[in-house]
Amino acid sequence: MNTENVVKHLRALWRTDRIIADIRLRHLLVGLGLRAFAALIAAFGLLMLEFAAYFALVQIWSAIAAAAALGAINFVISGILFAVAKRSPSGRDIELANEIHGASIEALQLEARALQAQVSGAAHHPLNTIVPVLVPLIAIIVKGLRKTTKQAAASAEARS
């Protein structure tokens, strides 16, 4: 297990989560703004059409029947608009961010499995983890003993 890889994967995961959230937020804000503006324009246009249709229908039907028919038509139009607004197209950028997110999760899982294998290996065979540390330490001790032996021999020759 390499801690640099874990940190790299965590950063990638964090960045992709942030990118996904930004993309979704932008999509929602743009969609909401456009829907609000479209609703405002549609309201004025519908009001004008309502007046025209009302005056045309009053000549054929009674005022009550004309208003009821136009109200029913308005409900049908609003239902169609809500159905169209509910659709959310999925862009390529969100798909790419989701792929990177999945890859980061998989890489973190691999690193976690490697750490688990190291920990369980150290618990089962503690010498396997100690040997890489002991070999250089033994070499340093042997070199130190050789130096002290040479120094002791040199001081013994100097006394004689």
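Figure 1. Leu-46 lies in helix H1 and touches Asn-74 and Ile-77, residues up to four places away in sequence being left aside; a contact means heavy atoms within 4.5 Å. The model is predicted, so local features need pLDDT of at least 70 and side-chain atom pairs count only at pLDDT 80 or more, whereas totals for chains, interfaces and linings use all residues. Residues are numbered from 1 along each chain as its sequence is written, and side-chain values use heavy atoms, with hydrogens and water left out. Leu-46 and Asn-74 are 28 residues apart along the chain, and their C-alpha atoms are separated by 8.5 Å. Is Leu-46 buried, partly exposed or exposed? Leu-46 counts as partly exposed because its relative accessibility is 28%; buried means under 20% relative accessible area, exposed over 50%, and partly exposed in between (1.4 Å probe, protein chains only).

**Figure 2. Glu-50, a buried residue of helix H1.** Glu-50 also has its place in helix H1. The residue is buried yet has no salt bridge, a salt bridge being a side-chain nitrogen of Lys or Arg within 4 Å of a carboxyl oxygen of Asp or Glu. Which side chain of opposite charge is nearest to Glu-50? That side chain is Arg-35, 21 Å away; Lys and Arg count as positive and Asp and Glu as negative, while His and the chain ends are not counted. With residues up to four places away in sequence not counted, Glu-50 touches Leu-70 and Asn-74. Asn-74 is also touched by Leu-46.

Figure 3. Thr-16 is found in helix H1, and Arg-15 is found in helix H1, which spans residues 3-60. Thr-16 counts as buried because its relative accessible area is 5%. Residues up to four places away in sequence aside, Thr-16 touches Ala-97, Ile-100 and His-101. Arg-15 is partly exposed, since its relative accessibility is 47%.

**Figure 4. A nonpolar patch on the surface.** The patch is formed by Phe-37, Leu-40, Ile-41 and Phe-44, which together have about 450 Å² of accessible area. Patches are made of residues with over 30% relative accessible area and no salt bridge; like charges are joined within 9 Å, and nonpolar side chains (Val, Leu, Ile, Met, Phe, Trp, Tyr) within 5 Å. Accessible areas come from the Shrake-Rupley method with a 1.4 Å probe, and for residues only the protein chains shown count as cover. Phe-37 has its place in helix H1 and is exposed because its relative accessible area is 54%.

Figure 5. Lys-150 is found in helix H4, residues 126-159. Lys-150 counts as exposed because its relative accessible area is 64%.

**Figure 6. The setting of the close-ups in the whole protein.** The protein has four helices and zero strands; helices (H or I, at least four residues) and strands (E, at least two) are DSSP runs, numbered from the N terminus. Of the 160 residues, 11% are buried. Among contacts with a separation of 6 or more, 77% join residues 24 or more positions apart. The accessible surface comes to about 12,900 Å², and 70% of it belongs to carbon and sulfur atoms.
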